[in-house]
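Here are some notes for a colleague who is opening this structure for the first time. They are arranged as numbered points, so that each can be checked against the view in turn.

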Amino acid sequence: MGSDELSRLAAELIAEAPCSLDMPAGTGKTELLAACVATAAEQGERSLVLTHTNAGVDAIRRRLRRFGVPSSMVRVETITSWAFTLSRSYPGIAGISVPGFPNWDNSQEYVEGAALVAKTAAVRQVHAISFGCLFVDEYQDCTVDQHELIVEISEAVPRTVILGDRLQAIFGFDKKRPLMDWDTHVVRHYPSKTVPHVPQRWRDHNVALGQWLLDIRPSLVDGGSFDFSTHSVAGLEWRQYDFKTAVQAVNKAAYGLSRTGESVVLLDKLSQQVATHASRLGGSYAVMEDVAGRFMAKQLADLPDEENALLAFWLAHMAKSCFVGLAGLDGTVQRRLEKGRTVSDLKRKGLLSVQVALDDLVTRPTYRQLCMSAVAIRATPGLTLYRQEAWDDTFHAVARGVEDGTSPQEALAVVRDRLRHGGRGERRRIASRTLLVKGLEFDHVIIANVQNFTDPRQLYVALSRARKTVTVIGSSPRLRFGYE
């Protein structure tokens, strides 16, 4: 779509709002959203843009900068972060006690409270004065409660444009928070608008792959089936393994693509599966953590109190969960640490500095020493950190807790909250769950075990992250689909 056509369509959408667009992945949805915000800014209207993930926020902000939209003319947030802001600003109306920094385990409460806040005449006036347009991306992932919040906001900001793709609705894992239905909930408030579906993401990379992804959409349905062996398209490679060659197949694909110097994402379904892949790849792929930092929170929940010699035992366990090269911290070492004994007298090749760091913590079991020992371990030659995000943020949380006089768990919420504002640094090779890379693009995608992707929506999101190639690995090319 040319720039003139894009500008014309953006102006048309704003004029016809409220409306909704159901657009497949890679067909220019983010580009169109950015063009709409730019057009609104030219008309003197400030926009509120909401989406579901911090990755999505980052992608939208980058695109808006490319369009030259002044930061003063747009506010981009996740739906839950905006709900938190509303609830925290008016806790009495929201009916909840809201902390200074969000606990995302309570996001449902924030959304429910924000809907009550958004209904009030005063807050409707604030929304109406603050924003001329509202754009909500990835709308297929909205729960009924989030949808009701959006409806309330759009009562104050009637020029609302809803964007989404029903085939990418993969957030419905919490049965207590049912997803809204597009036909039942969306179209009633925001009439459908049809726009051309062009494989934009692949235009300068692999148009054939993009067109194939559009063509297979009708077959990716609940109760349907799919056979990779019957599909042939440039950039799509099917690799079959048996029980003995599964690890080798994944590693061969990952190492091969890492040599390209281009961006690669290795996908699997569960967090532990992702971490295992990264570990087996020797740290050449970094694990992407969820924004809430659940792995970190779980580790900190088991953190011993200060003055407890078991801090060293905890640190050894944490290190083995994040680094490659610590096989020497074996049962003998861990049994000593569990008894509060030092370990630097044991001969462990290349690990003396790690052992000394652990001994320092045995003799000085404080959180300050814990952070210093963590720094020493990170600096040890020969170790590879494949959970860098988890390691660094865990000890940033401990250090911040010491400085602020709060618990490490409370401090972690503050540390992780920075992703709302600063985003993640770009990484060329990551291992991740599909859920965490929605809205992101990579040159190459590896699906480590396609048998874990029997929900057609999960499979479609995984396939459509790739600009150039998709390598699909599994025990069988045939899948029987079923919504999870």
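**Notes on cysteines, core, rings and backbone**

1. Cys 142 is a buried residue, with a relative accessible area of 0%. The model is a predicted one, and the sulfur of Cys 142 lies 16 Å from the closest cysteine sulfur, which belongs to Cys 19 and is too far away for a bond. A disulfide is a covalent bond between the sulfur atoms of two cysteines. With a cut-off of 2.5 Å between sulfur atoms, the count of disulfides comes to zero. Cys 133 is likewise in no disulfide, the nearest cysteine sulfur being that of Cys 36 at 8.3 Å; Cys 133 counts as buried, at 1% relative accessibility.

2. How many residues of helix H2 are buried? The number is 13 of the 14, so H2 is largely enclosed by the rest of the structure. This helix covers residues 29-42 and reaches 20 Å from its first C-alpha to its last, close to the 20 Å expected at 1.5 Å a residue. Just after H2 comes Gly 44, which takes a positive phi of about 85°.

3. The largest nonpolar core has 40 residues, and those with the most contacts inside it are Leu 315, Phe 323, Leu 370 and Trp 391. At least two residues of this core are supplied by each of the helices H13 (294-301), H14 (310-320), H15 (331-338), H16 (352-363), H17 (367-378), H18 (388-404) and H19 (408-417). H14 gives the most, with seven residues. If residues up to four places away in sequence are not counted, Leu 315 touches Leu 358, Leu 361, Leu 370, Ser 373, Ala 374, Ile 377, Trp 391 and Phe 395.

4. The count of aromatic pairs comes to 10. One of them joins Trp 82 and Phe 131 in an edge-to-face arrangement, 6.0 Å centre to centre and with 75° between the planes. This pair links distant parts of the chain, since Trp 82 is in helix H4 (residues 79-89) while Phe 131 is in the loop between helix H7 (121-130) and strand S4 (133-136), 49 residues apart. Trp 82 counts as buried at 7% relative accessibility, and Phe 131 is buried with a relative accessible area of 6%.

5. Tyr 139 and Trp 182 form an edge-to-face aromatic pair, with 6.5 Å from centre to centre and 85° between the planes. Tyr 139 lies in the loop between S4 and helix H8 (144-156) and Trp 182 in helix H9 (residues 182-189), so the pair ties together parts that are 43 residues apart in sequence. Tyr 139 is buried, with a relative accessible area of 0%, and Trp 182 is buried too, with a value of 4%.

6. Further ring arrangements deserve a look. Ring pairs link Trp 212, Phe 226, Phe 228, Trp 238 and Phe 481 into a cluster. The charged end of Arg 387 sits over the ring of Phe 295, 3.7 Å from its centre, and that of Arg 201 sits over the ring of Trp 202, 5.6 Å from its centre.

7. Thr 51 lies in strand S2 (residues 47-51) and counts as buried, at 1% relative accessibility. Leaving aside neighbours within four places in sequence, Thr 51 is in contact with Gly 56, Val 57, Ile 60, Glu 77, Thr 78, Ile 79, Asp 137 and Glu 138.

8. Most residues other than glycine have a negative phi, and most peptide bonds are trans. Against that background, Glu 138, one of the contacts of Thr 51, has a positive phi near 55°. Glu 138 is found in the loop between S4 and H8 and is buried, with a relative accessible area of 9%. Glu 307 also has a positive phi, of about 70°, although it is not a glycine. Is Glu 307 buried or exposed? Glu 307, which lies in the loop between H13 and H14, is exposed, with a relative accessible area of 61%.

9. The peptide bond from Ala 17 to Pro 18 is cis, with omega near 10°. Pro 18 is found in the loop between helix H1 (3-16) and strand S1 (19-22).

Note on methods
Residues are numbered from 1 along each chain as its sequence is written. This is a predicted model: local features need pLDDT of at least 70, side-chain atom pairs count only at pLDDT 80 or more; totals for chains, interfaces and linings use all residues. Side-chain values use heavy atoms; hydrogens and water are left out. Helices (H or I, at least four residues) and strands (E, at least two) are DSSP runs, numbered from the N terminus. The expected span of a helix is 1.5 Å times one less than its number of residues. Buried means under 20% relative accessible area, exposed over 50%, partly exposed in between (1.4 Å probe, protein chains only). A nonpolar core is a set of buried Ala, Val, Leu, Ile, Met, Phe, Trp, Tyr and Cys residues joined through side-chain atoms within 4.5 Å. Contact means heavy atoms within 4.5 Å. Rings of Phe, Tyr and Trp (its six-membered ring) pair if their centres lie within 6.5 Å; planes under 30 degrees apart count as stacked, over 60 as edge-to-face and the rest as tilted. A charge sits over a ring if NZ of Lys or CZ of Arg is within 6 Å of the ring centre and within 35 degrees of the ring normal.
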